[in-house]
Amino acid sequence: MSTLDELPRTYDSKAAAERYYADWEARGLFTPDPDAPGEPYCIVIPPPNVTGSLHMGHALNNTLQDVLIRYKRMDGYNTLWVPGMDHAGIATQWVVERQLRSEGLDRRDLGREEFVRRVWQWKEESGGTITHQLRQLGVSCDWSRERFTMDEGLSRAVREVFVRYYEQGLIYRAERLINWDPVGMTALSDLEVEAEEDFQTEIWSFAYPLAEPVAGPDGRVIEEIVVATTRPETMLGDTAIAVHPEDPRYRHLIGRHVRHPITGRTFPIIGDAILVDPEFGTGAVKVTPAHDFNDFEVGRRHGLPMINILELDGTINEQGGPFQGMTVPEARAAVKARLAELGLDRGSEPHTMALPRSQRSGAVVEPMLSTQWFVKMKPLAAPALAAVERGFTRFVPKQWENTYFAWMRDIKDWCISRQLWWGHQIPAWYDAEGNVYVGHDEADARARAGIGDDVPLTQDEDVLDTWFSSALWPFSTLGWPDDTRELARYYPTSVLITGFDIIFFWVARMMFSGLHFMGHVPFSDVYIHALVRDEHGQKMSKTKGNVVDPLEMIDKLGPDAFRFTLVAMAAQGRDVLWSEARAEGFVKFQNKIWQAFRFAYMHIVGQAGAEGLDMDAPRTLSAYDRWILVRLGAAVDRVRASLDEYRFNEAASEIYQFTWSELCDWYLELCKGRLYDDTDTEAARADRQAARHTLWTVLHALARLLHPFMPFLSEELWQRLPGTEGTVVTAPFPVASDYPEDPQALDEVAELQEVIVAVRRIRADMELSPRTPLTVRTSDPTLLRRHAQALSDLAGVATIEEGGRRGPCATAVVRGRDLYIPLQGLVDVDAERARLDRELKKSDKDIASLERRLGNPGFRAKAPPAVVEEFQSKLEAARQRRERLQAARSLLD
């Protein structure tokens with residue numbers, strides 16, 4: 001057993017992390033046995049990209065998951081937290097291609113097989129950095145079950161899903177409009193497209209000549225129709241002009257044709273009430289079905305030709321005639337110049353728009369017509385929608401259900417093919433005539449189709465969207481399609497914790513995949529956490545220079561205080577505004593706990609010949625002991641309730657308030673007199689043993705209560721506290737029923753606290769030295785005399801008298817009973833009255849000045865919100881100060 005001298009004066013969180021984490025992992029404490037008892041509780045980690053590094057969003061997300069897993073593990077559940085990484089098709093390919101370019105190589109020089117080998121090599125050497133960083137955060141994943149979306153087991157699951165979908169008619173191949181990255185030369189999901197906000201461009205108008213002049217309603221000849229666009233080069237692929245069928249300016253033109261001024265083609269003017277707003281622009285809209293998503297739908301409705309004008313690298317193809325081979329910016333300028341030469345330029349005006357760019361390459365994304373693989377979504381979405389509507393899966397906070405519903409009710413077929421080499425290659429093969437054969441591998445595809453080896457087949461070169469494999473994560477990581485022990489035990493999982501930005505892309509897809517292949521929702525709850533922003537509420541970005549590196553914070557604050565800060569800020573539905581100053585406050589909280597432990601340890605163990613805790617010795621619990629145990633039970637109850645409802649910040653707040661305010665500020669102070677009393681009587685010894693045992697009981701519970709939030713500090717306390725066994729990781733989480741209610745102790749100590757606070761306030765208001773002994777007089781001093789030692793230690797009360805007001809007195813009222821503190825000899829009453837009168841006048845001037853400033857509409861309109869808030873806080877503080885001054889002045893009348 002350690003001595004007090006061997007306990008460090010300050011707690012070192014990083015040293016504790018190094019001491020305990022590797023030991024926990026080596027002992028298999030995070031690895032459950034599926035056959036062991038206990039209700040299953042499972043979380044699958046949102047798999048970070050293999051290319052990723054820990055950022056603040058990861059830190060928040062994984063800390064919250066770890067809080068739940070550690071809590072449930074201690075509470076007797078059979079807990080599994082499955083870690084893993086996503087192969088991140090486009091991101092990873094981009095990283096390795098960049099590496100190749102630095103070597104003067106191109107992936108096409110290597111060929112597919114060698115390139116994929118190089119990616120695997122990179123993954124083994126450099127990928128997965130984030131899993132090591134997560135260990136620094138202290139997460140208790142079962143690393144023995146770590147999965148990767150490209151490992152053989154998950155790849156087999158992907159192929160199985162593709163084959164089943166295909167056989168069920170839910171996967172098809174068709175020509176559709178998709179997001180195209182002309183630099184990465186691949187289709188992109190919407191998530192891989194980032195909008196460059198406030199992009200400054202122009203909206204440019206030009207005229208299309210009518211194929212034949214038409215007389216208008218007023219008899220005047222109409223020879224042209226004017227349209228506007230931000231992308232003039234796309235007019236090379238126009239196949240219609242759309243107007244509103246009820247627009248009197250144009251309805252007589254519906255069915256007429258215009259002549260393309262560059263290619264000479266003619267195409268119709270059509271009526272379309274869905275696309276065209278007659279109040280916007282000229283009321284006529286050019287339609288380019290192969291290069292605009294809205295126009296594509298118009299083209300399908302009206303059976304328009306779809307003319308693709310772009311090569312895969314984004315240059316103009318043969319459909320562009322004289323502009324063939326130009327880049328989009330070159331073609332844009334050339335088309336404008338040519339139309340101006342033809343006298344068809346009708347002017348331009350500035351325009352602000354969101355420009356879509358590829359998340360990885362930065363290229364401007366082009367809508368392009370392409371043959372791709374798709375999943376039919378309507379049949380899959382319906383059960384997933386119903387599952388949430390009927391409460392089989394709930395969103396927390398509930399309002400995020402609306403986001404889920406909006407997407408699922410307006411769902412489009414999912415483009416699942418990507419023009420990459422890194423990823424799950426589509427298990428489809430083609431013969432010379434273009435017939436498609438699908439199977440788990442080529443042999444299986446041949447067998448299913450009944451074709452022999454004499455028919456040459458070529459595998460589809462595309463890979464599947466990364467989200468295709470991620471959609472299977474809750475069951476593929478547990479061994480599906482095999483019927484494993486883990487799958488039977490832990491599916492469906494218990495909760496998913498994720499950000500709101502991937503409700504569309506991941507949560508919804510896991511929902512319909514789980515329902516379709518497992519017949520059950522993949523998780524009961526979906527907790528959506530908010531963004532981590534800077535302290536001013538700004539989104540973190542490298543361009544703003546306000547990115548907070550969690551690894552730097554862990555190094556600076558230690559993992560315990562860093563984690564506790566994140567949890568304390570994680571209020572439902574509210575963004576986390578990271579504040580390092582607040583985080584430093586939780587470092588102080590961590591140290592407060594440690595100093596309280598050192599104090600308790602000295603008395604529990606016994607130092608310098610003094611007696612320590614004897615578990616078998618007689619003890620008589622005081623009102624203070626009973627009170628702190630009841631308060632501990634209430635704290636345990638509220639922490640449990642908060643965690644069960646995902647109110648993480650409230651759980652952290654409860655632990656903080658109990659530890660700092662009730663344990664440290666009150667109980668430790670209330671029991672010092674007993675602990676330092678060296679009277680050698682049976683009653684005194686029993687009293688000391690009661691205080692020591694109560695301290696041990698509270699710390700024994702506090703270490704366990706803290707563990708999900710501050711795992712390393714809690715283990716340090718647990719290992720050093722006498723009478724503990726094993727590790728706190730598997731110790732039982734406290735239950736409120738272990739600390740029975742005691743209304744009498746609660747009421748008695750609460751009244752004592754009110755008396756102490758009242759006396760302290762009077763001492764502060766009258767500016768009396770803490771060392772000045774006070775007398776308290778009251779009509780019934782029974783309770784005060786029973787707690788005379790506490791009043792002396794905590795409020796400096798030297799004398800307790802029975803009686804009423806005699807002479808100048810400060811007065812307080814506690815529970816309807818007057819307390820009088822005689823002031824004669826303590827203050828010069830006349831001088832104190834004069835001083836307080838001066839202070840009141842000055843306070844009135846300060847309040848009036850602040851009220852004038854805040855009442856000035858110009859100040860409120862021009863000052864930043866933070867400045868206005870600062871002045872409001874000053875006014876509130878000034879008013880509170882005046883109330884205190886007035887109360888002190890009233891005492892002297």
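This is a predicted model: local features need pLDDT of at least 70, side-chain atom pairs count only at pLDDT 80 or more; totals for chains, interfaces and linings use all residues.
Asp181 stands opposite Thr186 in strand 6. Strand 5 covers residues 171–181, while strand 6 covers residues 186–188. The two strands pair in the antiparallel sense over 3 bridges. Together they form a hairpin, with 4 residues lying between them. In the turn of this hairpin, Met185 has a positive phi of about 55°.

Strand 5 also pairs with strand 14. These two strands run antiparallel and are joined by 10 bridges. Asn179 is found opposite Pro367 of strand 14. Strand 5 is mostly covered, since 8 of its 11 residues are buried. As a general point, the strands of a sheet pair through backbone hydrogen bonds, in either a parallel or an antiparallel manner.

Elsewhere in the model, 3 strands form an open sheet with parallel pairing, in the order 15-23-22. Strand 15 (394–396) and strand 22 (493–499) stand at the edges of this sheet. Each of these edge strands has a single partner strand, so one side of each is left without a neighbour in the sheet. From one strand to the next, the twist averages 20°.

Strand 23 consists of residues 523–529. Its pairing with strand 22 is parallel and extends over 6 bridges. Within this pairing, Val495 has Asp525 of strand 23 as its bridge partner. In a regular strand, side chains alternate between the two faces of the sheet.

## The second largest pocket

The second largest pocket has a volume of about 1,400 Å³. Its lining is made up of 50 residues. Those nearest the centre of the pocket are Thr229, Thr230, Arg231, Asp292 and Met353. Several elements give two or more residues to the lining: strand 7 (193–215), strand 8 (221–229), strand 12 (284–287), helix 8 (293–302), helix 9 (328–341), strand 13 (345–358) and strand 14 (366–375).

Which strand gives the largest share of the lining of this pocket? Strand 13 does, with 8 residues. Strand 14, the antiparallel partner of strand 5, is also among the contributing elements. Sorted by class, the lining of the second largest pocket has 21 nonpolar, 18 polar and 11 charged residues.

## An enclosed cavity

The model contains 1 cavity of 30 Å³ or more. The volume of the largest cavity is about 30 Å³. The residues that line the largest cavity are Ile90, Gln93, Trp94, Glu97, Gly184 and Leu420. By class, this lining has 3 nonpolar, 2 polar and 1 charged residues.

## Cysteine residues

How many disulfides does the model contain? The count is 0. A disulfide requires a pair of cysteine sulfur atoms within 2.5 Å. For Cys664, the closest cysteine sulfur is in Cys671, at 11 Å, which is too far for a bond.

Is Cys664 buried or exposed? A residue counts as buried when its relative accessible area is under 20%. Cys664 is buried because its relative accessibility is 6%. Cys809 also counts as buried, because its relative accessibility is 0%.

Technical notes. Residues are numbered from 1 along each chain as its sequence is written. Side-chain values use heavy atoms; hydrogens and water are left out. Buried means under 20% relative accessible area, exposed over 50%, partly exposed in between (1.4 Å probe, protein chains only). On a 1 Å grid over the protein atoms alone, a cavity is a set of points where a 1.4 Å probe fits but cannot get out, and a pocket is an open set with protein on both sides within 12 Å along at least five of seven lines; lining residues have an atom within 4 Å of a point. Grid points are joined across faces, edges and corners, and a volume is the space filled by probe spheres set on the points. Ala, Val, Leu, Ile, Met, Phe, Trp, Tyr, Cys and Pro count as nonpolar, Asp, Glu, Lys and Arg as charged, and the others, Gly among them, as polar. Two strands pair if DSSP finds at least two bridges between them. Axes are lines fitted to C-alpha atoms, for helices over the stretch in contact, and angles run from 0 to 180 degrees between N-to-C directions.
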